[in-house]
Amino acid sequence: MKPTLYLTRNGLLEPLGQSQVFSYLRGLSRDYRVTLITYEKDTDWADKAFVDKMKRECESLGIRWLPQRFRPHPKVVAPALSMIRMVWLTHREVKTQNMQLIHARSYIPAAVAMLVGRWDGVPFIFDMRALWPEELITAGRLKRGSLLHRAIVATERACLRSAAGVVSLTNAAVEHLRRVYPVELAGQRISVISTCADLEKFTLSEGKNEQIEIGCLGTVLSGWFKLDWLTNFLAVVTERAPEAKIMLTTRDDPERVRAAFKGQQGILDRLEVASRAPDQVPAVLQHQTASVMFFTHGLSKLGSSPTRMGEILGCGLPVVCNGGVGDVAEIIRKYRVGVLVEGASKKHMNAAWDELVALLEEPDLAARCRRAAEEVFSLSAGTKAYRALYSNILDAPQP
């Protein structure tokens, strides 16, 4: 088996690392000898039982896991030092383990892989995940046209040109990138691989739940979530369906979440906010009627493929959401598996509720949701696409 290096600043111990890194590596480790470098947060590393469990699982799969400590502070110095160490680690692993390919998840690992690749002659995959410069601008962390912005865009351009292969989460992002970088992407290998759900875990409910339960999965306090839209929709839910329950499954601080609904007693009376371990989330979804996700939209979100959408659809639930986020609207329209809300007003939210009620009456809704999940968000399909990209690069004639 050819040795490959997977490089990510996310933690294997966090939910995203479990669903969007380790899930793929379980399959890829059957064909490749994988070394995995991750950056773990102190709060996750403190769970010794889970750390030991993941060490054992990596060993059983033949994955060599090299966890590093994630240091967020000081804000400028810490990332710089982290990148320097990442360069050293990557170079060391390439030399000592004879790495044949570097799989770089997101921009900073891709920049590292590009540098090391030039020194050591190793190809790398630029797994973009999203349009990071635009996300930073939207979040107010980066000013368009600033020196830092120009540096990040120059790095993006160089990585797109130099990579042996590029992975995007959405077709919408690829269309945008081809307009911006027509020369750099001419002849480039590009694979569109959505964030994938483990559909062996996220399955249809065995029975029909009589009580209406509206769910929301994942963070709502990140700055990327339209909390005002969520509040307005849930206010309509409590008016139109007073018996409905509301369940927010999130790692956000429950008190901060409840504080965000201050003055909305109708919501607060029906609201439950709780964190769940990854293996408990499918059971939570299977008890729900529909799930809500409202994200900020625009250029920064063209590359977004919400993980939660695949998990929700896999459990047979429709989604209530807004457009302008990756391929979300296209999926909903194609498979008729949700409601696209046009605005934040009470009028729009009432119209969305009416549409959802009508949708829930369709007897084949759960089956359509499941089919959409299998065709778009399947872990097996995603792993197969990564395996094909690996093979295409490693088996290509070397210059």
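Which residue in β9 is the bridge partner of Cys216?

1. Basis of the note. This is a predicted model, in which local features need pLDDT of at least 70, side-chain atom pairs count only at pLDDT 80 or more, and totals for chains, interfaces and linings use all residues. Residues are numbered from 1 along each chain as its sequence is written, and side-chain values use heavy atoms, leaving out hydrogens and water.

2. The bridge in question. Leu248 is the partner of Cys216 in β9. Strands β8 (residues 213-217) and β9 (residues 245-249) run parallel and are joined by five bridges. Two strands pair if DSSP finds at least two bridges between them. Strands (E, at least two residues) and helices (H or I, at least four) are DSSP runs, numbered from the N terminus.

3. The sheet. Six strands form an open sheet with parallel pairing, in the order β10-β9-β8-β11-β12-β13. At its edges stand β10 (271-274) and β13 (338-340), each of which pairs on one side only. From one strand to the next, the twist averages 20 degrees. In general, strands of a sheet pair through backbone hydrogen bonds, either parallel or antiparallel.

4. Helices on the sheet. Helix α14 (residues 328-335) lies across β11 (290-293), β12 (319-321) and β13, and runs at about 130 degrees to β13. Helix α15 (residues 346-360) packs on the sheet and touches β8, β11, β12 and β13, while its direction makes about 160 degrees with that of β13. Contact means heavy atoms within 4.5 Å; axes are lines fitted to C-alpha atoms, for helices over the stretch in contact, and angles run from 0 to 180 degrees between N-to-C directions.

5. Aromatic pairs. The structure holds nine aromatic pairs. Rings of Phe, Tyr and Trp (its six-membered ring) pair if their centres lie within 6.5 Å; planes under 30 degrees apart count as stacked, over 60 as edge-to-face and the rest as tilted. Phe233 and Phe294 form an edge-to-face pair, 6.3 Å centre to centre with 70 degrees between the planes. This pair links distant parts of the chain, 61 residues apart: Phe233 lies in helix α9 (residues 227-240) and Phe294 in the loop between β11 and α13 (307-314).

6. A second partner. Phe233 also forms a tilted pair with Trp353, at 6.5 Å centre to centre and 55 degrees between the planes. Here helix α9 is linked to helix α15, the two residues being 120 apart. Ring pairs link Trp229, Phe233, Phe294 and Trp353 into a cluster.
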